[in-house]
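Let us walk through a protein model together, one piece at a time. Keep the sequence and the 3D view open beside you as you read.

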Amino acid sequence: MRPVYLIGAGQTPVAEHWDRSLEQLAGAALQAALDDAGQPPIQALYVANALGGLLNKQAQLGAHLVAALRLGAIEGYHIEAAGASGGAALHQAFMAVSSGVYQCVAVVGVEKVTDVLENELNAALATGLDATAEADQGLTLTAGWALLQQRYSYEHDYTASSFAPWPVTAHANALHNPNALYRFPLNPGKVAGAPAVATPIGLLDSSTVADGAAALIIAAAPQVEGENTRTAIRVAGSSLASVPLALGARPDPLWLDAVARSTIAALAEAQLDADAVNVAELSDQHGIVAALSLEASGFAPRGMAPRLAADGAYAKGGSLSLATAGGCKARGDTVGALGIYQIVELAAQLWGEAGSLQVPGVRVALAQCLGGLGATAATHVLVKE
Amino acid sequence: MELAKHWRLKGARYRLEGARDRRTNTITFPPPHFSGPDDELVILSGRGEIWSWSAVENGLDAWGGRYLVALVKLVEGPLVTAQLTDVDPDAVHIGQPVEMVTRKLRDLGEDGLLVYGYKFRPLLE
Amino acid sequence: MAITRSDTGIVGYGAYIPRFRIADSEIARVWAGGGSGPVEGKAVAGTDEDTITMAIEAGRNALRRAQLDGAQLGTVWIGSESHPYAVKPSGTLVAEALGCRPTVHAADWEFACKAGTEALTAGMGMVSSGLVEYALAVGADTAQGRPGDALEYTAAAGAAAMIIGSSAKALATIDATVSYVTDTPDFFRRADRPYPVHGNRFTGEPAYFHHIEAAATELLHEIGAEPGDFRYLVLHQPNAKFPQVAAKQLGFRPEQVAPGLLAPRIGNTYSAAALLGLCATLDITEVGERIMLVSYGSGAGADAYALTATEHLGQARDRAPRTSVYLAREQSVDYATYARMRGKYNLG
C-alpha cells in the first residue's frame, strides 16, 4: 500500500441545469479538475452516478463518458451505491492507485435529475430503499429518515425544531458559495414554520436534489511534475461499510452502524482520532441524518448531537465545522455526485483556497456520504501534508 | 408490471409468513432471501405496537395523497415497515397497539394489477 | 325448492363494516339542495378497501369464532356484484389470505344482492353431502351508485362471512331453506357499465316484496311454523323502510326485526346486507331461539332460512369483534372526500 494524493479538483455549480446534459456536466467538472491538476495523463475514469439508468435511461456510464469526454483508450467504470456512489467510487480509485496498478486516475461524480418530473425522481430516489420491504409499502427516502427522527426525538426528548441548527448553519455557510443551489439565510422560525414533507420533517429541513458534477484527480505522487505550487493533500483514510437496506432488518435502527464502522476504519487508517478532524462534510439531507452520523462517527455522544448543535458546535468556529460550503441543504444534494462535491469542498479548505468560506487552521478533513437510509457509508479522511 | 414479483411475495404479504430459526428461535419478517438450514416457516400473529411513524405528505403518485407509514414492532420480534390505515395522524402515537389488516397496497392502473398486502391499524377493541 | 331436512349449521360467522360514513343529508345537500334520504347514512369503503379486503377480514372473524384454521376450509366462495376484477377470481386471493390449502374450492358468485346466500346454500350442500367438512360463504360489496341517483343514498360497503359445518358443531343450526326465483328485471348492470340501472317503484311490489314474501311464506309452510315461533327476523335491507314493511306484511313484530336492521345506519351493503343483519342478530341470540333470514337479489330471487341458536353460540360470539364494534367506529366524510375515496372524480 502506497500513499495516495488528491492533486486536482473541479466542480460545476449545483443547479437546475436545463441547458446542460449529463455528459456536458461531467465533462465540465472533469476539465476543471484536470486543469487544476496540471493536465496529467489519466489511466482510468471512475464515474459515480446513482440514478442515470433510471432517469437518463443510460447505463454503462464508464465507457460512455470515456468516449463522450474524449479520454482516449482508458478504462471506464460506473460505481453505484445510491447517495454513497461518490465515496464508493473514490474508494475504488484509492485502492487502484494505492495498490500500484495505476499512477493517476480521475473520479467524476455526476447526477442529472431535472430531465424528469418530480414524481419520477422521487420514485428513483426510493430505489435506495429495500424495494419489497420498504418502497413497495410506500416508504420514501425522506419518510424513512422521518421514522428515525420521530423515534429519536421520542427517546431523547427532542422536537422538530431541535434539528433546525443544521439547515440554518448550512444556509449561513452557503451564502458566499458561488456553486451553491441556495444562497439565502434561514432562521429557526422559518424552518419550524415550513410545511411538512414527512412528519416530523419539514420542507426547510429537507435538501433539494439538483443537477451537478464534481471531479477529482487521484495520484500516487503529491503533484504533477513541474507544478509545485500547492500543499499536498493525502487521502489518508478510505473506507466503505454497509448494513441491511431495510430499517427493520437492523438490530438498532437509530445507530448507523455502517457509519460507525467506516469512520473507525478510515480514521484508523489515517492513524488519527475523531477529535483531530477540523472540518467535515456529512450526508445532511435532513438534520436527523447529520445528527445520527455525528453520533455513529464518534463526534457526539448518543442522543446529544442536537444539544451540541444548539450550542454551536457544528457552526463555523465550533469544535467541528460542518457543511462549510452549504452541505446538502444549501449547496444542494447531487445524490451520486455528493461524495465528490464533499471532497472538492474539503480540498479547498485544506489548500486554503476556500475564500470567504475558509475555516482557519484546517489540517484534517473528513468526508462521509450515505446510500439510502445509511445502508452504505463511505468515509474519507484527507490530511494536509 | 411486475406480475411474477408480486406473486412471489404473496405469502408474506397476504398472511405474514416469516421465518423462524429453530436453533435461536429468532423470527425474521419479511422472510430472508436465503433461508438457513434451521429456518422454518412461521405465520405471525399480526399484533404489535408502533415503534415509529410518519405522515407522508409528498408520497409518490402511485399511493395518492397523504398516507401514514410506520415501523411496527411485532409481538414476535420483527420490526416491519408498513402503512397505517383507518387512523388519522392526530390519533397515532409511539407504543400504540396495532393489528395487521390486508388492504390494497397499490393500484397499477386501469389495465394493471391490484397489489394487496399488509397494513396495520389501531387494535379494534 | 325447499330443503327441510338439513344436518348443517353456521359454525362461524364474521362481520366487516368500513369505518367511513357519509350522511344522506350530505348527499342531498350536493344533489337536491338539501333534505334527507332513505337511510341516515351509509358505510363507505376506504381507498385501500374493496370486496376482497373486506371479505378477508370478515372471513378471519368467522374462522376465529369457529376456532378453525383456514387450511380446514373446503370452499371459499365470495358473493358480490363488485368483484375488483371482471376476470380473475376474488376467491383465490381471499383463500390465500385466510391460509387455505390450494386444494380448496374457490369461486365468485353473482346474483345481485343475494350472491352471498346463494353461496351459503351451496355450502350447505357441500357439507351435507360430505364433499367438504367446512364451507366458507361470504357476501361482500362496495356497491355502486351513479352520482345523484337515488341509489347513491344507500349503496354501501360491507362484508359478512359464514362458515357452514355439521349441525353438531354449529353455533346455529340451519333447519330449512327455500329458494324462490323469477325473471324480473327490477335492477341490473350491463357488462362494462360502471353503474346499475333500477326500475324505481318496479323494484318494490313485484320485485323485493313479492320474492321475500313468497320465499318466507313457503318456508313457514314447509316447516309448519308461524312468525311468532321466531325470536328474530332478518331481511335483505335495501333501505330502512322495505324490510320493516315486509316484516309487518308477513306478521312479524318490529322488535323481531330491530337487532338485524342495520340499513338505517350503514345503508344497503348489497350482498352483505342480509348476512350482516344475521351477524348482528347472532351476536345477541340465546340458545334455543330461532331466527328467520330472507335475502333478496334483483333479477330476481329470495333465499329464506330457518335457524336455531345452539349452546355453542354464547361462548363463540366474543372470539371476534361483534358487529356493534364495527358499527360504532364511525368516521364521517363529506361528499367531496367520499367522491375522491370512491374514485368518482374523472382525473382524465
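Chain A is assigned two domains: domain 1 covers 5-117 + 210-219, and domain 2 covers 130-207 + 235-384. These bounds come from an automatic or database domain assignment. Before we go on, note that this is a predicted model, in which local features need pLDDT of at least 70 and side-chain atom pairs count only at pLDDT 80 or more, while totals for chains, interfaces and linings use all residues. Residues are numbered from 1 along each chain as its sequence is written, chains are lettered from A and ligands numbered from 1 in the order in which they are written, and side-chain values use heavy atoms, with hydrogens and water left out.

How far apart are the centres of domain 1 and domain 2 of chain A? Taken over C-alpha atoms, the distance is 22 Å. Domain 1 of chain A brings 38 residues to the contact and domain 2 of chain A brings 31, where contact means heavy atoms within 4.5 Å. Together the two domains of chain A bury about 2600 Å², with 71% of it on carbon and sulfur atoms. Buried area here is the accessible area (1.4 Å probe) that two parts lose on being put together, summed over both. On the domain 1 side of chain A, 23% of the buried area comes from A:Gln11, A:Val14 and A:Phe94, more than from any other three residues.

Now look for polar links across this interface. Between domain 1 and domain 2 of chain A there are 8 residue pairs in polar contact (both at pLDDT 80 or more). A polar contact is a pair of N or O atoms within 3.5 Å; within protein, one must be able to donate a hydrogen and the other to accept it, and residues adjacent in sequence count only if both atoms are side-chain atoms. The elements that give two or more residues to the domain 1 side of chain A are β1 (5-11), α4 (85-98), β4 (104-111) and β7 (212-219). Helices (H or I, at least four residues) and strands (E, at least two) are DSSP runs, numbered from the N terminus. By class, this side of domain 1 of chain A has 23 nonpolar, 12 polar and 3 charged residues. Ala, Val, Leu, Ile, Met, Phe, Trp, Tyr, Cys and Pro count as nonpolar, Asp, Glu, Lys and Arg as charged, and the others, Gly among them, as polar.

How many salt bridges cross between domain 1 and domain 2 of chain A? The number found is 0. A salt bridge is a side-chain nitrogen of Lys or Arg within 4 Å of a carboxyl oxygen of Asp or Glu. Side chains of opposite charge can pair when their charged atoms come close. Over all chains, the whole structure has 41 salt bridges.

One of them joins A:Lys57 and A:Glu120, whose closest N and O atoms are 3.1 Å apart. This pair links distant parts of the chain, 63 residues apart: A:Lys57 sits in the loop between α2 (52-56) and α3 (61-68), and A:Glu120 in helix α5 (residues 118-125). A:Lys57 counts as exposed because its relative accessibility is 56%, while A:Glu120, at 37%, counts as partly exposed. Buried means under 20% relative accessible area, exposed over 50%, and partly exposed in between (1.4 Å probe, protein chains only).

In chain B, a salt bridge joins B:Arg103 and B:Asp86 (3.0 Å, N to O). B:Arg103 lies in strand β7 (residues 97-107) and B:Asp86 in the loop between β6 (79-84) and β7. Are these two residues buried or exposed? B:Arg103 is buried at 1% relative accessibility, and B:Asp86 is buried at 12%.

Chain C also has two assigned domains, domain 1 (9-169 + 318-341) and domain 2 (172-313). The centres of these domains of chain C are 16 Å apart over C-alpha atoms. Across the interface of domain 1 and domain 2 of chain C there are 3 salt bridges. C:Glu330 forms a salt bridge with C:Arg265 (3.7 Å, N to O), and C:Glu330 also forms one with C:Arg21, with the closest N and O atoms 3.8 Å apart.
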